[in-house]
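Student: I am new to this structure. Can you take me through the terms and what backs them?
Tutor: Gladly. Here it is.

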Amino acid sequence: MERFDAIVVGAGPAGSSAALTLARKGFSTLLVERGRSPGVKGMFGGRIYSWALHDLLPDWAKDCPVERFVVRENLAFLTEDASLAISYDSPKLGQGRASSFTALRAKFDAWLAKKAQEAGAMLVTGIRVDDLWREDGRVRGVLVAPKDRVGADLVVIAEGATSILTRAAGLKRDLEPREVSVGVKETIELPVETIQERFGLGEKEGAAFVFAGQASLGLRGGGFLYTNQSSISLGLVVSSEDLSRKKIEIQEVQNRFRLHPAVQRWIRGGKVVEYSAHLVPELGAGMMPRLWGEGVLVAGDAAGFLINNGYTFRGVDLAIASGVAAAEAAEAARAAGGMSAANLAGYEKFLRARNVLTDLERFRRAPLYMKNERLFDVYPRLLMEIAERLYTVDGSGKPRLADIILEEATSADVPKLKMLLDLLQGARSM
Amino acid sequence: MSVLVSGMRPMRIIVCIKQVPKAQELQVDPVTQTLKRVGVPSEINPPDANALEIALTLKDRHAAEVVVLSMGPTSFDESLERAIAMGADRSVLLTDRILGGSDTVPTAYALSETIQKIGGYDLILTGEETTDASTGHVGPGIAGHLALPQITYVSEVQIVDGTVRARRTAEDGTEWWQTKMPSLCTVNFGCNKPRSPTLTGKIRVKRGGVIAHWSCADVGIDPKKVGLFNSPTIVAKVDTIRLPPRAGRMFSGDARESVRALLDALIRDRVIVP
């Protein structure tokens, strides 16, 4: 039987980072990927915050397949036909450790997995791990149907949001509809020049948009748009509970979103070349599994390491940092005598040192706050009505700004006290 | 349970495979009228994959070593690696420039020499034919060179008391044949479902050392018997068959009525039976 010190399941950002770091620390490491090549089964919004990559590979920018560095952030509230946007523009956004960039997973994941191979990890693709090999209360390796097994002292589960192995290992219970959203994304092709002209961007510069309100037809969730080199990532994350309760198909939401004038103007004339969908864990630290067990660690999306606080969506950076932390925990456990749960418990400390848990806990309330329906329906409408009255000059006489706001807020269906509470809660959770 | 043959060693099965352009992606060069082999996706010749599956099934049941043999350029490593990943123990690629252009006569000779060099064989399996040339010559040719009993067009092989029992597809039914070992069987296309590569198999490939590259000199093959000039086959002409135009008929208008009309037409023409 084949044996390794460590087996990492899933060659996404978490898995490849774990395998790379494990290999560097002298573990014989097997990285197993279900897809034909890393990234072909991967799905995400389209943007990566680079800090974790910085720590893992200081030279990353040399050959990392970056599409564009984000230098403009936009937050837009939509009603049926109008929009109100806030835009933040700064060259600083695209620089150094604080930079973020857009990417395509098929390229990015393949690149990162190659780095893991260069560090000494063995990558095997086209194999789906069906179960963990468990014996005497501990994980001893992986099982592949019909009867194949490979042994290891440690298995790092980095299998993504569906987390089949994590659940099979008893580290996580089944997901409830209220705990997951559905993410859909279209990749829309446009010529490089068109993108740069339309968005007012330089050669390697990119823009990011978050859409709230009617982007999701008033359902809890939001839309996003990122510019790649010669394509646009356009998508939505919508509460699966709301979709099933209101009996709306996600495709319907996506179609309406795409046709909104505030979205249409950006993608006009483009050609949809890819459509993908994925589960998005939504309760952050509130739904995290047990992160370690006898001979096993969980990293990345499988561990629920995802932050959606309304204005930033983070996943890949946390995945990378958690993969590194998993390898650090393995190193510490090896020094302590073996991969027992007690020795692997140091994982939490390493996750905190890399700010993964800390950030997740800080925004723990955000997902709950984001579950407030008023945020996606009543308030955007209110904002828009205020804007409409502010900017409408038709000679019929104009009240002062404060009066407009007060008048509109009073006419909304929500008691003022509740509105004030929402505002306070929002500020605290974000 | 293991069957021991010729003393105290496990049975050795040699499976001959060829790498061919994927059937769905076949392209004929309009100028040379030959199959395009460069830059098109390849696969193990499907009947050879069926032969490999029979070998691996025998290995599951008995103590057996499965050796995969091929002849061709080093790009064939891809298929040999796949065979290892599926569960074969090791592989040999006979690769040499002087073999270029060999037809089935030199190929059967060169492979039989290589099989003798591997030695210790109890059973040789080949596909019934290749999907890129469809001659069906090479398997019987090898049996001829090695003076082995052969059973052609086989869909199942059993090892019983040190003999080979094989189910042979004949024109009017199936026949069961039995022969002593060593012997050779050519295997029917589509008689089984070749297994997928395993994780362990893929790891073995990654660890390396599973393919041996042999030249003609390594094997002791006579250069005067191989290559284009020692191949009697001449491809005189290749024609592309033009399909006759179809007598298409469109049913349009109201969906319910046009489906009814289509069904009536199909029933009338006895394409379907109500």
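Student: Which residues does S240(A) touch?
Tutor: Leaving out residues up to four places away in sequence, S240(A) touches P177(A), V180(A), S181(A) and V182(A). Contact means heavy atoms within 4.5 Å.

Tutor: A word on the source. This is a predicted model, where local features need pLDDT of at least 70 and side-chain atom pairs count only at pLDDT 80 or more, while totals for chains, interfaces and linings use all residues. Residues are numbered from 1 along each chain as its sequence is written, chains are lettered from A in the order in which they are written, and side-chain values use heavy atoms, without hydrogens and water.

Student: Why is S240(A) called buried?
Tutor: Buried means under 20% relative accessible area (1.4 Å probe, protein chains only). S240(A) has 14% relative accessibility, so S240(A) counts as buried.

Student: What makes E2(A) and R207(B) a salt bridge?
Tutor: The rule asks for a side-chain nitrogen of Lys or Arg within 4 Å of a carboxyl oxygen of Asp or Glu. The side chains of E2(A) and R207(B) meet at 2.8 Å, N to O. Across the interface of chain A and chain B, the rule finds two salt bridges.

Student: How much area do chain A and chain B bury between them?
Tutor: About 1100 Å², with 61% of it on carbon and sulfur atoms. Buried area is the accessible area (1.4 Å probe) that two parts lose on being put together, summed over both. E2(A), M122(A) and D148(A) supply 43% of the area that chain A buries against chain B, more than any other three residues.

Conventions. Buried < 20%, exposed > 50% of the residue type's maximum accessible area, 1.4 Å probe, protein only.
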